[in-house]
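Hello,

Here is the structure we talked about. Please open it alongside this note, and then read on for what turned up.

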Amino acid sequence: MKSEYYKNVLPWNENERVIDQFGWNPQSVITPTKSSKNNWDDAYLTAYEEKRGVCPRLPNGLMMSEFHAGLCENIVHYWSMVGDTIVDPFAGRMTRAFVSAKLGRDYIGYDVSPETVKKVREEMGRHSFDGYYDIIESDGCEMSHTDDESANLVMTCPPYGDIERYESAEGQLSDIRSYTEFRNRIEICGQNIERVLKPGGFCVWVCGDWRKGGEYIPFHSDTINMFTMAGLNLHDIIVMKNDTIFAALQAGKCASKRYTAKVHEFILVFRKSGELVANSDKIKNKVESLEQFFS
Ligand SMILES: C[S@@+](CC[C@H](N)C(=O)[O-])C[C@H]1O[C@@H](n2cnc3c(N)ncnc32)[C@H](O)[C@@H]1O
C-alpha cells in the first residue's frame, strides 16, 4: 500500500510560504509579540478575573505568570494537526486549553488546583468548545486518565519549582521545597509523556532555569537528561526571548553578584520514536494527494 510509504510525512506545501502555512517563521530564537498575545484576549483567565475584581496578583502587584497565547498558537500550528489530541500535564490558567480548542484540536488538561480547575471549567464553558476539551483535576505527572499512545502532542509549561506558588493541594509541585524531590516528579512526568504519546508524536515543553539560594538550577538541561532517559528523542531547542520588566528590576541585584538577569526561556521539543500515522484529515488529504500524484 502506497500510504505505508508516506506514513512519516509531515504535511507542508512547498508552493506556499512557510509563514502563511504555520503563522510564523520557525527560527531557533523567538520573541512572541504583544500583538500576537492581544489577538487572544478571551484566552486569558485573568481578563475574567479582572472584570470581577478577583485577579490574583503577586505581592509586587504583577500578575501570576500567564502563558503567551501567540506562542501557544505557533506551537499548536507547527506541531499538531486539526483534529489531533493535545495533552497538557500542567494546564494552569486556561490559555493553552482555549487556543487549542479554538484551533480545532481536542485538548485534555490536568491541574491539581481545585480553584484553578473550577475557574477554567467555568470560563471555558462560556464558549462553544463542548466536547473539544477536558480539564481533569488530577496529577499531571501521572496522567492516569490518559490512555497509552493516545496523544499527538504534549504541550505544557510546568511550575518552576517553588519560585511561584500555586494553590496548595495534593500533588502540587510548587509545594515541594527540595529541588531533588521536584525533579523526581518531573522525571515521572517524562516517563508518562513517553507513555501517552503516539509513535512519532511531539512534546513541546516550555521551561526556564532559575536560581535558588544563590545556586543556579539548570532545569532545562535536567529535563533533557530525564526525558531522553525516559525514551524520548530531543528534537529541537528554541530560545524564547521574554519581553519582561523583571530583568530591569533585578539589574542591580544581579550586577552585585556578577549574574545576568534572565530574559529567556527554553522551548524544548521532544519526539517519540516511531511512525506518525495519518490520523487527521489534513494528513490524510496530504497522503491521498501524494498517492494520486504518484499513481
Ligand atoms: C502551568 S504551570 C505554570 C504557569 C503557566 N505559565 C501557565 O500556563 O499558567 C502552573 C500550574 O501547574 C499546576 N500544577 C502543579 N503541580 C501539578 C501537578 N502535579 N499536576 C497538575 N498540575 C499541577 C498548578 O496548580 C498551576 O495551576
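Among contacts in the chain between residues at least 6 apart in sequence, what percentage join residues at least 24 apart? It is 72%. Keep in mind that this is a predicted model.

**Overall**

The chain has 295 residues, and 34% of them count as buried. Its secondary structure comprises 11 helices and 10 strands.

**Helix α5**

Start with α5, residues 69-79. Of its 11 residues, 9 are buried, so the helix is largely enclosed by the rest of the structure. The buried ones are Ala69, Gly70, Leu71, Cys72, Glu73, Asn74, Ile75, Val76 and Trp79. What lies over them? The cover includes two helices, α3 (34-38) and α6. It also includes the strands β5 (151-156), β6 (197-207) and β9 (233-241).

**α5 against α6**

Helix α6 spans residues 95-102. Its axis and that of α5 come within 9 Å and cross at roughly 45°. The two helices are therefore oblique to each other. The crossing of α5 past α6 is right-handed. On the α5 side, the contact is made by Ala69, Cys72, Glu73 and Val76. On the α6 side, Thr95, Arg96, Val99 and Ser100 make it. By class, the residues of this contact divide into 4 nonpolar, 2 polar and 2 charged. An α-helix has 3.6 residues a turn, so residues three or four places apart point the same way.

**Asn25**

Now to a loop. Asn25 sits between α2 (18-22) and β1 (29-30). Is Asn25 buried or exposed? Asn25 has 10 other C-beta atoms within 10 Å. The cut-off for exposed is 12 or fewer, so Asn25 is exposed. Leaving aside residues up to four places away in sequence, Asn25 touches Val18 and Ile19. The C-alpha atoms of Asn25 and Asn74 are separated by 9.3 Å, although the two residues are 49 apart along the chain. Asn74 is among the buried residues of α5, whereas Asn25 is exposed.

**The ligand**

How many residues surround the ligand? There are 24. The closest are Phe67, Gly92, Ser113, Gly140 and Leu173. Sorted by class, the shell around the ligand has 11 nonpolar, 9 polar and 4 charged residues.

Best wishes

Note on methods. Residues are numbered from 1 along each chain as its sequence is written. This is a predicted model: local features need pLDDT of at least 70, side-chain atom pairs count only at pLDDT 80 or more; totals for chains, interfaces and linings use all residues. Axes are lines fitted to C-alpha atoms, for helices over the stretch in contact, and angles run from 0 to 180 degrees between N-to-C directions. Helices (H or I, at least four residues) and strands (E, at least two) are DSSP runs, numbered from the N terminus. Angles under 35 degrees count as roughly parallel, over 145 as roughly antiparallel, 65 to 115 as roughly perpendicular and the rest as oblique. A crossing is left-handed if the near helix is turned anticlockwise from the far one by less than a right angle, and right-handed if clockwise. Two residues are in contact if their C-beta atoms, placed from the backbone, lie within 7 Å. Ala, Val, Leu, Ile, Met, Phe, Trp, Tyr, Cys and Pro count as nonpolar, Asp, Glu, Lys and Arg as charged, and the others, Gly among them, as polar. A residue is near a molecule or strand if its C-beta atom, placed from the backbone, lies within 6 Å of it. A residue is buried if 20 or more other C-beta atoms lie within 10 Å of its own, exposed if 12 or fewer, and partly exposed in between; C-beta atoms are placed from the backbone.
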